[in-house]
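Please have the sequence and the structure open while I talk.

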Number of protein chains: 2
Amino acid sequence: MATATSPNSLLLQNPNRSTTIHLRKNSNPARVNVFNLSPSRRNKSISITCSTTQVERPPSNAQSLDRVFNFAAGPATLPENMLKKAESELYNWRGSGMSVMEMSHRGKEFLSIIQKAESDLRALLNIPEEYAVLFLQGGATSQFAAIPLNLCKRDDPVDYVVTGSWGDKAFKEAQKFCKPSVIWSGKSEKYTKIPSFDGLEQNPDAKYLHICANETIHGVEFKDYPTPKNNDRLLIADMSSNFCSKPVDVSKFGLIYAGAQKNVGPSGVTIVIVRKDLIGNAQEITPIMFDYKIHVENNSLYNTPPCYGIYMCGLVFEDLLAQGGLKEVEKKNIKKAQILYDAIDESNGFYRCPVEKSVRSLMNVPFTLEKSDLEAEFVKEAAKEKMVQLKGHRSVGGMRASIYNAMPLAGVEKLVAFMKDFQARHA
Amino acid sequence: MATATSPNSLLLQNPNRSTTIHLRKNSNPARVNVFNLSPSRRNKSISITCSTTQVERPPSNAQSLDRVFNFAAGPATLPENMLKKAESELYNWRGSGMSVMEMSHRGKEFLSIIQKAESDLRALLNIPEEYAVLFLQGGATSQFAAIPLNLCKRDDPVDYVVTGSWGDKAFKEAQKFCKPSVIWSGKSEKYTKIPSFDGLEQNPDAKYLHICANETIHGVEFKDYPTPKNNDRLLIADMSSNFCSKPVDVSKFGLIYAGAQKNVGPSGVTIVIVRKDLIGNAQEITPIMFDYKIHVENNSLYNTPPCYGIYMCGLVFEDLLAQGGLKEVEKKNIKKAQILYDAIDESNGFYRCPVEKSVRSLMNVPFTLEKSDLEAEFVKEAAKEKMVQLKGHRSVGGMRASIYNAMPLAGVEKLVAFMKDFQARHA
């Protein structure tokens with residue numbers, strides 16, 4: 001029972017047994033007071049221990065004291081407010097009496113979740129009606145096979161522009177199912193460039209032109225897109241690591257695909273946006289789970305989808321819309337990236353980013369130290385300061401800061417301050 | 001600030017702005033008092049609304065007042081204690097400063113999670129060392145293709161025993177990748193039987209013999225397993241809907257696979273247990289994501305796995321071990337099923353289960369009403385009593401109660417009491 005004893009106080013009576021009180025402001029705690037009440041053995045008195053945890057969180061600008069800044073390349077940091085919402089709904093989703101993890105994928109509750117997720121994503125990217133949106137499994141790696149299996153015959157030529165490891169993997173997987181050519185590769189320059197579009201020698205008979213819009217490992221990002229010159233005018237993009245980080249004109253593409261675990265959700269969900277007229281011609285050897293037609297006809301519910309992951313993506317889409325949509329999101333991402341690249345470029349060579357300036361990724365910022373023997377120390381000291389996962393990909397070494405949508409400006413600012421301090425101590 | 005004003009009371013001062021207090025006993029609430037405090041516009045007084053939610057939960061035997069009994073066939077009910085644990089860890093996993101959903105799959109935190117999940121599963125099923133355990137994506141439906149792609153050449157014969165819709169789907173998908181034969185089908189008897197093993201005409205040249213150990217839709221379950229008579233002595237089982245519901249001698253099988261979303265976790269995780277000597281011979285047209293060799297060599301981390309789902313499976317494995325392992329779990333499942341089948345069989349035909357008694361599933365209990373026009377009313381009234389998802393699969397109609405590991409005995413008892421009451425009112 002509770003009574004107000006004064007305008008600013010609250011009396012809780014008979015909190016018997018051991019009791020914890022969490023005092024929260026709305027669902028978005030700025031401060032959490034935790035009171036532990038333990039009864040005496042005879043249950044006649046209570047003792048109180050009070051610990052106060054500051055969870056100061058001016059919107060997306062500061063670091064919660066119990067959180068790290070997580071610069072991982074994916075799975076990656078998610079919006080704190082959406083994690084809090086997921087936490088509050090985990091046990092009982094909106095009065096349904098069950099967790100989203102327990103819901104039949106054919107029940108009205110989950111249908112409302114997946115339909116809203118699709119609708120919000122369509123709003124965010126302004127996806128035209130003639131495109132289907134699919135929530136699948138298996139990562140972009142599955143799409144490396146599914147794309148040629150659905151869009152090509154075995155002997156069809158296709159064109160790949162290879163600007164990094166992921167584009168290269170996509171090309172290699174396609175060799176099993178069609179006749180791909182690499183029409184440009186950045187490998188000899190260690191994947192630090194995007195080609196001039198004019199110079200691309202596209203095959204007019206290619207069924208499609210494939211690019212990786214942002215190379216997660218190498219940090220090169222297409223700022224504009226080549227015009228496909230093949231007969232079907234088909235451009236296909238792996239947008240795994242810059243999906244929903246900025247507006248995209250979907251109508252320029254035949255198909256866009258993205259693993260969710262960078263900008264829009266946890267791992268285990270792959271989003272495919274495909275023009276509907278392209279489906280229905282899969283090769284006979286296409287596993288049914290790779291057949292877009294099956295998934296389009298069943299609204300991603302041919303078999304059990306990754307329900308909880310889709311729910312989380314839906315929360316993130318809500319959050320991106322609430323921020324004002326992708327134009328606003330892009331502004332924040334430009335600002336964060338600018339601060340970090342400036343710190344690198346203004347370090348007199350102490351820090352170096354190998355990527356050509358005009359195509360540097362807003363999402364993944366690779367850099368090295370001039371004194372490479374200090375890199376391990378850099379990563380270790382940063383971790384002590386609660387900035388984690390800064391080690392570069394094992395294939396390229398150095399450092400990499402992934403600063404996806406959900407990385408707060410404060411995270412980048414803290415990293416830059418740390419970089420300057422580290423330089424001052426080691427220059 | 002908090003002060004104790006009497007042995008049984010607590011004074012909270014200055015709860016300014018809108019504030020919610022959750023009063024919990026330990027982390028496992030038996031009663032949650034929620035107080036909403038709203039300040040006046042001038043911030044000089046507060047108003048209090050108090051709602052009390054009973055969350056009585058004697059271990060696995062009762063229904064929390066805010067929970068439903070969820071008889072869905074999958075995704076399905078999960079253990080309440082593990083949902084509570086997941087809730088408590090969602091925002092910040094064990095002091096790591098991040099959610100499991102945000103962790104790099106190559107970081108030490110997630111590695112500890114997936115390694116413990118595998119280790120606990122190995123303990124539960126006593127999996128021999130010569131078997132690999134994989135945590136994959138794409139559901140059992142992906143395995144329908146992956147199995148022939150990995151274990152057969154294009155012209156190899158294989159044998160399928162088809163005891164329900166899922167076995168039939170597995171057979172049909174295999175037609176793309178090898179030469180499967182249906183050596184027994186229960187279709188003409190509406191999938192209500194399991195064949196006598198002696199009468200099975202196995203092809204000695206078949207690369208494997210495939211069964212579906214429990215047919216989710218039709219409710220027929222293998223109580224023992226046929227001895228494969230093919231040259232390689234290979235038996236393969238889809239155990240999606242009875243995985244970890246009872247002990248299994250893994251050494252009898254070449255490969256066992258299961259979608260997690262029935263007994264061991266949320267959707268989006270597929271577990272494959274495969275004898276290591278069988279891998280490494282995939283057909284050339286195998287998508288890399290379907291190649292067991294790749295996943296075994298990379299400990300399920302070739303690409304980003306469904307991390308959060310694997311974490312949840314790990315929690316469930318912990319819970320199953322804590323219950324005493326699968327022998328104890330099986331005892332509970334037998335008891336639950338017995339109560340429900342008895343209620344059907346003792347209803348003088350008011351309720352009917354079409355499945356042959358000796359092979360009735362412990363997991364999925366399909367039944368019809370003699371007066372079939374009452375079935376919609378049955379489902380509707382049950383839902384009012386917080387027992388949901390009792391409608392049978394759209395392909396067979398009637399009702400189906402899925403009573404997986406995490407369905408408490410109390411859920412089945414409540415359903416049986418409801419069935420008797422419903423019969424009394426409508427007989």
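Predicted model: local features only at pLDDT ≥ 70, side-chain atom pairs only at ≥ 80, totals over all residues.

The buried residues of H9(B), where buried means under 20% relative accessible area with a 1.4 Å probe and protein chains only, are Leu409(B), Ala410(B), Gly411(B), Val412(B), Leu415(B), Val416(B), Phe418(B), Met419(B), Phe422(B) and Gln423(B). H9(B) has 18 residues and reaches 26 Å from its first C-alpha to its last, close to the 26 Å expected at 1.5 Å a residue, the expected span being 1.5 Å times one less than the number of residues. Helices here are DSSP runs of H or I with at least four residues, and strands are runs of E with at least two, numbered from the N terminus.

Residues are numbered from 1 along each chain as its sequence is written, chains are lettered from A and ligands numbered from 1 in the order in which they are written, and side-chain values use heavy atoms, with hydrogens and water left out.

H9(B) is also among the elements that cover the buried residues of helix H7 of chain B, together with others including H2, H6 and strand E17 of that chain; contact here means heavy atoms within 4.5 Å. The buried residues of H7(B) include Leu326(B), Val329(B), Asn333(B), Lys336(B) and Leu340(B).

What does H7(B) lie across? The answer is E16, E17 and E19 of chain B, with H7(B) running at about 15° to E17(B); axes are lines fitted to C-alpha atoms, for helices over the stretch in contact, and angles run from 0 to 180 degrees between N-to-C directions. These strands form an open sheet of 3 strands in the order E16-E17-E19, with antiparallel pairing, where two strands pair if DSSP finds at least two bridges between them. The edge strands are E16 and E19 of chain B, each of which pairs on one side only. Between E17(B) and E19(B) there are 4 bridges, and Pro366(B) stands opposite Arg400(B) in E19(B).

Note on methods:
Buried < 20%, exposed > 50% of the residue type's maximum accessible area, 1.4 Å probe, protein only.
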